[in-house]
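Open the model in your viewer and switch to cartoon view.

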Amino acid sequence: MRLVVAAVGRLKAGPERDLTDRYRKRADQLGRRIGFRETEVIELRESRAQEAGRRMIEEAAAHSQLIPDKAALIILDERGKSLGSAALATQLGHWRDDGRPAAVFALGGDDGLAPALRDRATLTLAFGAATWPHPLVRAMLLEQIYRAMTILAGHPYHRA
């Protein structure tokens, strides 16, 4: 199963990019041993539309092109569930074992995700009630994906 982080906007060089790259590479290496093909980060162009609703629709269309049939779509939204790391690992393991081709994590732009994309979500995930900057969310998400791989592999990184 592929893991895809599809995020609107580009990360500039700096500590957030370094963390994102570090955890993606770690997840890739460990994930291959336990049935995950790759962890890919795809940066989508921000819409230039004047109106927020239009921007959200255009960005949702870009996200939709990346979601294969039967893939799990996980969106990050402040109204989502706050899953513990073990619960996220369990869910990824179930999707892998059920033969899903991919789990696509969708991160919206500054305006958020279009309702049509939110309605398609298999899981809506939140990193608590706080509002986080997009570069930090991306780094935190990739760390959680790596942590999920370590839990599924029985690696000692996660000590709970």
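This tour goes through a predicted model, from the sheet to the helices and then to a single side chain.

**Stop 1: the sheet.** Select the strands. You have an open sheet of 5 strands. Read across it and the order is β2-β1-β4-β3-β5, with parallel pairing. Strands of a sheet pair through backbone hydrogen bonds, either parallel or antiparallel. Now colour the edges: β2 (38-44) and β5 (123-125). Each of these two has a single partner strand, so one side of each is left without a neighbour in the sheet. Turn the view to see the twist, which averages 30° from one strand to the next.

Stop 2: Select β3, residues 72-81, together with β5. The two strands pair in the parallel sense over 4 bridges.

Stop 3: Select α2, residues 52-64. Helix α2 lies across β1 (2-8), β2 and β4 (102-107). Its direction is at about 160° to β1. Next, select α5, residues 134-153. Helix α5 lies across β1, β2, β3 and β4, and runs at about 170° to β1.

**Stop 4: helix α3.** Select residues 85-97. Now show side chains for the buried residues of α3: S85, L88, A89, L92, G93 and W95. Look down the axis of α3. The buried residues fall within an arc of 165°, so they line one face of the helix. What do they pack against? Their partners are β1, β3, β4, β5 and α5. Step just past the end of α3 to G99, which takes a positive phi of about 85°.

**Stop 5: F36.** Go to the loop between α1 (15-33) and β2, and pick F36. Is F36 buried or exposed? Its relative accessibility is 3%, and buried means under 20%, so F36 counts as buried. Show what surrounds this side chain. Beyond its neighbours within four places in sequence, F36 is in contact with M1, L3, G31, L92, R96, M149 and L152. One of these, L92, is also among the buried residues of α3. Finish with a distance: pick the C-alpha atoms of F36 and G108. The two residues are 72 residues apart along the chain, and these atoms are separated by 24 Å.

Methods
Residues numbered from 1 in each chain as written. Predicted model: local features only at pLDDT ≥ 70, side-chain atom pairs only at ≥ 80, totals over all residues. Heavy atoms only, no water. Pairing = 2+ DSSP bridges. Axes fitted to C-alpha atoms, helices over the stretch in contact; angles between N-to-C directions. Contact = heavy atoms within 4.5 Å. Expected span 1.5 Å × (residues − 1). Buried < 20%, exposed > 50% of the residue type's maximum accessible area, 1.4 Å probe, protein only. Arc of directions from axis to C-beta.
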